[in-house]
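Have a look at the fold before reading on.

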Amino acid sequence: MVTPFDAPAVLAEAQRKESLTDWGPGDFEGPLRVLLADYARADLNMIGTHILRSGIVHSLRMRLRTQEWIRRHPEILDEWVAAPIVVVGMMRSGTTLVQRLLAADPRFLCAYGWEVVEAAPKLDEAFTGTDPRIAISEAREAKSRELAPDLFTIHPMYAREAEEEIVFLADAFLSHVPESGAHLPHYRSWLDEQDFTPAYDYLYRMLQFLQWQKRRRGAAGRRWVLKSPAHLGYLDLLRARFPGLHLVHMHRDPRTTIASGASLNATLHAMHADTVDPYRVGAEWLQRMGWSNDRAMTVRDGWDSGCVTDIQFDDAVADPIGQVARVYAAIGEPLTDQAQDAMRHWLRVRPREASRPPYRLAEYGLRPEQVDERFTLYNKRFRDGSNA
């Protein structure tokens, strides 16, 4: 009997829908099979099974389509992704604000929401006129607002705004994204022992592909602005794949960021399963963020301070352009009048998000003192007046 998460069936469906068979380089099937096996054991409802399986098939379709584009245009792999600016930090620490401010500067490149949702266009795309994927992504945005308003309030994703590139790590099936939406104890523990190099290789390949597409559309930017909290646990691999990167590390009280992340994860779990244990979700998120921050601090111990700009959330909210100016100074790039005007324009017209519900640690079985204890070293280093 074929189950919804049967690996051969999932792979075959993607190939059938794209009429393509070449997956390209890199071992993704091993991680995929571990993930699918844990999904098969998870307590998912019918809707959750459909959503998660469809997401995996979509990822595989993008991989197939990307490989076909590269077969037709091998010059894609000649694209050089030069020394990106990478914004990291725990969820709700101001990473989105800073990334989108930087992305307002036309000298920089970013991945927009519509590009992240469908990175590989259909094979007949001519890159003239308005890209049809924009309308598709805007329709998905509207549908998300309608069908999952709680999720959109907590984690909105806009078609025409700069978006994080975490989806490309997830498409390599070496990612902590799945554990945020389902109870996957085996996959979660298995991940902790894996080398994520293939995921960062795949990320680089997808940025090459997006950069090539942008050139075809006439984009003038030359340096990427990336952003994802997921990079915190893998700064060594990130820097190995992107030598010369500049890190922008955002900081906020872990009591707030942990409660927010637990709230998002609990909302995602509730979309996929009829029964969710919020205390388990809270405990797992506290562990994951503590693990990620410990790894980030260890890696940063070996970095020159000039490679990183540390920014406090409150400072970014009070003086966003002033804080971004510190990044420009650190990378030796002039903050032009044109760039400042573009940033001020974005601040005026940016999407106004709905009021978010209060995030209470107690709802997830956590105490403020427990969070403080787990992040003692982090708070001492980054929240008590020191930005080492």
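Accessible areas here come from the Shrake-Rupley method with a 1.4 Å probe, and for residues only the protein chains shown count as cover. On that basis the chain exposes about 16,900 Å², of which carbon and sulfur atoms supply 53%.

This is a predicted model, in which local features need pLDDT of at least 70, side-chain atom pairs count only at pLDDT 80 or more, and totals for chains, interfaces and linings use all residues. Residues are numbered from 1 along each chain as its sequence is written, and side-chain values use heavy atoms, leaving out hydrogens and water.

The chain holds 18 helices and five strands, taken as DSSP runs numbered from the N terminus (helices: H or I, at least four residues; strands: E, at least two). Buried residues make up 56% of the 388 residues, where buried means under 20% relative accessible area (1.4 Å probe, protein chains only).

| Element | Residues | Buried |
|---|---|---|
| Helix α4 | 95–103 | Eight of the nine residues |
| Strand β5 | 308–312 | Five of the five residues |

Helix α4 is therefore largely enclosed by the rest of the structure; its buried residues include Leu-97, Arg-100 and Leu-101. Strand β5 is covered on both faces, with Val-308, Asp-310 and Gln-312 buried on one side and Thr-309 and Ile-311 on the other.

What does β5 pair with? Its parallel partner is strand β4 (residues 246–251), over five bridges; pairing requires at least two bridges found by DSSP. Within this pair, His-249 has Asp-310 of β5 as its bridge partner.

Definitions and conventions: Buried < 20%, exposed > 50% of the residue type's maximum accessible area, 1.4 Å probe, protein only.
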